[in-house]
Amino acid sequence: MYILGAGVATPDVEVSDEVLVSLGEELDAHDRHLLNRFGVSSRRVSFPREYINKISLDDPRALRAEAQATPTSLGNAAIRRAVEAAGISLDQVGLIVTDCGTPQQTCPSEAHRITGSLGLKIPSFDVIAGLGAFCLHIEMLRSWRDDRLPDYFVIVSSNTPSYYLNYSGSSLPAYLFGDASAAFVLSTRVPGKLRIRESSIKKQASPRSIITVDRSIVFNTGQLTPEKELLQMVAQTVGRALDKHGLRMDALRIAGPQLFGGDLQRFARDIGTTPDKMEVPSTSLGFSLGAAMGIAVAQASAKLSKGEAVLAVHGADGLCSGTVLITAE
Amino acid sequence: MLHVLGMGTCHPTVAIDNKFLEELDVGTSSQWIEEKIGIRTRLTTLPLDYIRTTRNQDPRMAAEAASMSPTTMGIRAAQGAIKQAGLTPSDIGMVIVNCCTPCGSLPSEAVRIAEGLGCSALTYDVYTACPAFALHLDFLRNFDESKLPKYVLCVSTAAMTHHVNYNDRTDGAIWADGAAAWVTSTVEPGKLQVLDSTFTADPTRCEAVIVDSFGFFKQDGRAVRDFSVRQTVRLIKVLEERYSVDWNRDVFVGHQANRTMLEQVTNNRGIPETNHWHNVTYYGNQAGAGAPATLSLHWDKLVSGQHIVVAVVGAGLSWGSTIFKVS
């Protein structure tokens, strides 16, 4: 399977730490420590900057009236960019598989809303797996029979957590999350520069849910995977990929867990690489749930030269772990 | 080849009858409901007093008033399916779930249901609303069989009444709550063999049926009704020709949208009432759970050699079909 094109879309509005601090009390010491560890210093939101301190989660209709982006509009934009990058036309796409953890309507599916907004009459449906969506979508489609896949198909993850956040200035989730969408055009028949060499997804032995989205987003910090454990998992996955595929560490870019960008120097050193090989766009865009890994992969892939590779390593949500290895041909 | 090894359902016990809806005084009558949609009662997880007094004007309160969540119904239906398949939750290697009224959007409904079952399988939502029965089977048929675990659990669950505006004279008459589950295998033969399946969509018409995350169900009734009948007939015709369906022996199960829509379909295809299985008259429209729940409730009536023709349509707009052969 090949990645023929990638596309990313974010809302235009950027909110810095300074803006959030100006809205209320600062984070307490524990949350400030976590934020430093995650390394998120700005985020994109779907609302005008002057509106975010007025957001009331009790009035979703008023909230939507002020919004400048939705999961559908971001998904639409990301797919258009991915299709353009793939050098095909929209009407050549035969299937769209979508992940969305923040839908505005629970029916129809987000896949149908995005596909409909593109004017396409093709099969589409949601496959929702939270933060592991990129690895799951790839592994799932690589498990399909080739004759059941169209020539070109798209995976997209689109999330707008800003609709579920209270921007009071003292809420850790408000600092962490950002809105974004990432899409990829894939094919098993048309070769491209980026080849998917390996993928996997599996349930973690002791699953626990770190992030829940209901009427608001709850970030269960007590459930966080310990940093040491996560680092060990990434290092082992990297080591296996290097051995199995005969890759050199300096030819490998790592799209690892997106909530660990605070001390990249140390993180990279412990894995045996350098910070410039670690792709953590969440530090500037905010953490966009399932889209975050896709954005990291899209950015890392764009930097590859022939013979180099990107390894996506998922495992921070406490539910499942997954990997995708992409090489530049 | 994909097989269904066991099925299960869960429905609430509170029935909303037409007299109750008439007494809400929203411009409807028992006679109108019976003539227009052919539903006599619909099952709900909401207390009748809650509906009578609040008309569910703040749908966010429905979850708190309800006797069961979509997750609870999904777990109970799954337990029935797993038991009927002669398995235990630990045998299940993958769980996929369809739910158009989830308790929350993350983690997925599948995670919540698997957790309730005590099942450590890989879980994710595969979602399209009403035609989920066809989507899930077609989805599994897409896989290289060697890549699937031995047993896969599929669940479709919905608490549609939580999103009904009971001041609307039509919506309250249609919707119900319920769940259905089915265990599949490509390795072990089961009572139902999947001969064929389809799933597709025209998402340019996705605004025709909507359930707002925090609000009410809305639909373009006339457009959806015409589409449903026309598309269901088309799906059946294809299977009739391809598999020499004999309506004296074989059985039709459609999307349990409403009784009059199903009658239009069976009249068009010459399907006798005895060979048309449905539950919408007394259960109401259970969204994606309706068709599989109907089949599950008729499990003991399956006859060896019989074809079961399933044609389902719904939000998206999307549609799909499945034909089973009874072993």
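These questions and answers walk through a sheet and some ring pairs in a predicted model. Residues are numbered from 1 along each chain as its sequence is written, and chains are lettered from A in the order in which they are written. Local features need pLDDT of at least 70, and side-chain atom pairs count only at pLDDT 80 or more, while side-chain values use heavy atoms without hydrogens and water.

Visitor: What is the bridge partner of B:Val211 in β10(B)?
Guide: Strand β9 (residues 209-212) of chain B pairs with β10(B) over three bridges. In β10(B), the partner of B:Val211 is B:Phe217.

Visitor: Is the pair of A:Phe134 and A:Phe184 stacked, edge-to-face or tilted?
Guide: Rings of Phe, Tyr and Trp (its six-membered ring) pair if their centres lie within 6.5 Å; planes under 30 degrees apart are stacked, over 60 edge-to-face, the rest tilted. These centres are 5.1 Å apart and the planes stand at 50 degrees, so the pair is tilted.

Visitor: How many residues apart in sequence are the parts that this pair ties together?
Guide: Both A:Phe134 and A:Phe184 are buried (under 20% relative accessible area, 1.4 Å probe, protein chains only). A:Phe134 lies in helix α6 of chain A (a helix is a DSSP run of H or I, at least four residues). A:Phe184 lies in strand β8 of chain A, so the pair ties together parts whose separation in sequence is 50 residues.

Notes: Two strands pair if DSSP finds at least two bridges between them. Helices (H or I, at least four residues) and strands (E, at least two) are DSSP runs, numbered from the N terminus. Buried means under 20% relative accessible area, exposed over 50%, partly exposed in between (1.4 Å probe, protein chains only).
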